[in-house]
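Okay, thanks for coming, everyone.

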Amino acid sequence: MPLASMAQNNTIKLVVGAPPGGTTDTVARSIAQHMGQDLKRTVLVENKPGAGGNIAADYVAKSTADGNTLLVTFTSFSINASLYRKLPFDTIEDFTPISMLANVPSVLVTRKDFPAQNMAEFVKEVKSHPGKYTTALGAIGSSLHMAGERMKMMAGLDILNVPYKGTAPALTDVLGGQVDMMFASSMNALAPVKNGTLKALGVTSTAELPQFPGVPPIGDTIKGFESNAWFAMFGPAGLSPKVVAELNSAARKAVDTPDFRKLLEAEAATAVSSTPEELGEFVRKDIARYAEIVKFTGATVD
């Protein structure tokens, strides 16, 4: 039965593994509104934060495969496959890919008096003083943590990690000069870079971001470097092809709406949709890519 012709009280839940107010929640609520209009159904967001998104993912993996319970998740979905010793679900086998929703690049920011004005100077300075400099981590195992580890791995840099319980306190200590640097999402870095309280040395995207004029890609200096946070939609395994097609169509229409694109562009993020097959292939490659970085860090979570 087509989704749009199901009983009107048959609500679709978009389950989000993050608390209200964060980027994932904001993305999900905007998508929910537009999908609801397109499918002529009620689409609600249900927050199930915790364990890096695993609680929400497990909930959806064990849900009935009828298209009524979906997961809006983020980069940790791929990272957790190697970071956690044991997961209660299989990241590939227990989910049906529906569509990519957004990409969010990050920015390498330093305290404003850091002794480097660009990435080439940064690499030279850090290599000249191994173990001297510190980087703040808003969350162990996050895409921002992995961006930093990827940079260290590719450029042979020795930088001390300083973990925090959240992005806000991490950013506060870089602003205050207690920590030397961090990778921050473009959303969090925009204001302090614009007002000059932080210095932006490079972006993790392959091209410059219009919101950060004059800040080049890190990959221009560290060849091959790229790192983006992403947001995507999945259902439980076993969704029928017809249901997947309708959900994919509704999600892609939501991503293409001017207000969703404007919402993201204002924060230096990009609205991106995909076919289910493209998302499935992306996640398989992403899991392998992050497994290499997780192995380099030696990080594990029980």
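D58 and K62 form a salt bridge between their side chains, with N to O at 2.3 Å. By salt bridge I mean a side-chain nitrogen of Lys or Arg within 4 Å of a carboxyl oxygen of Asp or Glu. Now, is D58 buried or exposed? D58 is buried, at 18% relative accessible area, while K62 counts as exposed at 57%. The cut-offs there: buried is under 20% relative accessible area, exposed is over 50%, and partly exposed is in between, with a 1.4 Å probe and protein chains only.

Quick housekeeping before I go on. This is a predicted model, where local features need pLDDT of at least 70 and side-chain atom pairs count only at pLDDT 80 or more, though totals for chains, interfaces and linings use all residues. Numbering runs from 1 along each chain as its sequence is written, and side-chain values use heavy atoms, with hydrogens and water left out.

Back to charges. How many salt bridges does the rule give? The count is 12. One of them joins the side chains of K13 and E46, N to O at 3.4 Å. K13 sits in strand β1, residues 12–16, and E46 in strand β2, residues 43–47, so this pair ties together parts that are 33 residues apart in sequence. Helices (H or I, at least four residues) and strands (E, at least two) are DSSP runs, by the way, numbered from the N terminus. Both ends of that pair are partly exposed: K13 has 21% relative accessible area, and E46 has 24%. There's also a network of salt bridges here, linking K13, E46 and K48.

Another pair to click on is K285 with E281, a salt bridge at 3.9 Å, N to O. Both residues are in helix α10, residues 276–297, and they're four residues apart, about one turn of the helix. K285 is exposed, at 56% relative accessibility, and E281 is partly exposed, at 36%.

In soluble globular proteins, nonpolar side chains tend to be buried together. The term I'm using is nonpolar core: a set of buried Ala, Val, Leu, Ile, Met, Phe, Trp, Tyr and Cys residues joined through side-chain atoms within 4.5 Å. Here the largest one has 35 residues, and those with the most contacts inside it are L14, I31, M35, L101, M233, L247 and L264. Elements that give two or more residues to this core include β1, α1 (23–39), β4 (95–111) and α8 (241–255). Which element gives the largest share? That's α8, with seven residues. And there's a second, separate core of 25 residues, with V15, I79, A232 and V294 among them.

If you zoom in on L264, skip residues up to four places away in sequence, and you'll find contacts to V27, L101, A102, M187, A269, T270 and A271. Contact just means heavy atoms within 4.5 Å.

Leaving out neighbours within four places in sequence, D286 touches T75, S78 and W230. Then there's H145, in helix α5, residues 143–155.
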